[in-house]
Amino acid sequence: MALLVFAGFASSTVQAESRHLLFDILRNGKPIGEHELMIERMGSETHVVARSAIDVTLLGFPLYRMRYEARERWDEQGIRDLTVEVDDDGRETRIVGQRREDRFFWSDLDGREYSVPMPVFPTNHWNPKVLETDRVLNTLTGQMNRVSIATDDDAIVRKTRSNADTELDVYRYEGDLNLQSWYDTNGLWHGLRFKGRDGSDIEYVCRNCADPTIL
């Protein structure tokens with residue numbers, strides 16, 4: 001996969017444009033929600049908003065509900081600050097963090113404080129430089145996860161709205177976090193797959209990444 005355009009954060013092709021990406025969230029192949037990703041370049045900074053809404057029902061009765069929102073601000077040195085709010089079926093969590101010199105500091109809703117050396121990549125997947133690291137900040141738990149990330153042998157082919165084929169590279173996370181994440185040859189994130197807590201297959205599948213909406 002050609003990620004050379006991401007060698008310098010400020011010159012990244014993907015991050016230099018404002019994009020609005022929409023993902024279907026599937027459970028065992030059936031839609032249960034939507035994920036929205038907005039990436040906007042503002043001068044020397046990149047602002048990112050990621051939102052998810054999941055509703056699982058049975059015969060019209062609610063079984064599970066999740067709401068997620070993350071806001072990130074980046075510059076040439078990496079992430080500057082991060083705010084995450086999650087309502088996981090009534091269990092609320094919150095992360096607030098910021099970079100200070102060469103470290104990233106954050107706290108959770110219970111007041112626990114953490115810090116690690118830069119660089120730090122939250123688990124919102126939009127920045128393909130995450131593929132070069134061995135640890136990620138899990139925005140659902142507020143914990144650093146140690147991971148090994150490697151290219152999977154299999155590739156995924158998606159159809160664009162113009163019926164052209166787009167081949168996606170598959171990257172496998174193993175360790176504290178286990179999933180597959182998909183990127184095209186320009187480093188644009190197209191989705192992921194992982195196992196839910198109940199063993200179900202959860203997928204985030206982009207509707208418009210091959211033909212993104214430019215804001």
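Analyst: Two strands pair if DSSP finds at least two bridges between them, a strand being a DSSP run of E with at least two residues, numbered from the N terminus. The model is predicted, with local features needing pLDDT of at least 70 and side-chain atom pairs pLDDT 80 or more, while totals for chains, interfaces and linings use all residues. Residues are numbered from 1 along each chain as its sequence is written, and side-chain values use heavy atoms, without hydrogens and water.

User: How many bridges join β12 to β13?

Analyst: Strand β12 and strand β13 (residues 189-195) run antiparallel and are joined by four bridges. Across the pair, Trp182 is opposite Gly191 in β13. Five residues lie between the strands of this hairpin, and Gly187 has a positive phi near 85°.

User: Why is β12 largely enclosed?

Analyst: Buried means under 20% relative accessible area (1.4 Å probe, protein chains only). Strand β12 (residues 179-183) has five of its five residues buried, so the rest of the structure largely encloses it. Leu179, Ser181 and Tyr183 point one way from β12, Gln180 and Trp182 point the other way, and all are buried.

User: Which residues touch the most other members of the largest nonpolar core?

Analyst: A nonpolar core joins buried Ala, Val, Leu, Ile, Met, Phe, Trp, Tyr and Cys through side-chain atoms within 4.5 Å. The largest has 44 residues, of which Phe23, Leu37, Phe104 and Tyr173 touch the most other members. A second, separate core has five residues, including Trp182 and Val205.

User: What is Phe23 in contact with?

Analyst: Contact means heavy atoms within 4.5 Å. Leaving aside neighbours within four places in sequence, Phe23 is in contact with residues including Leu37, Trp189, Gly191 and Val205.

How values were computed
Buried means under 20% relative accessible area, exposed over 50%, partly exposed in between (1.4 Å probe, protein chains only).
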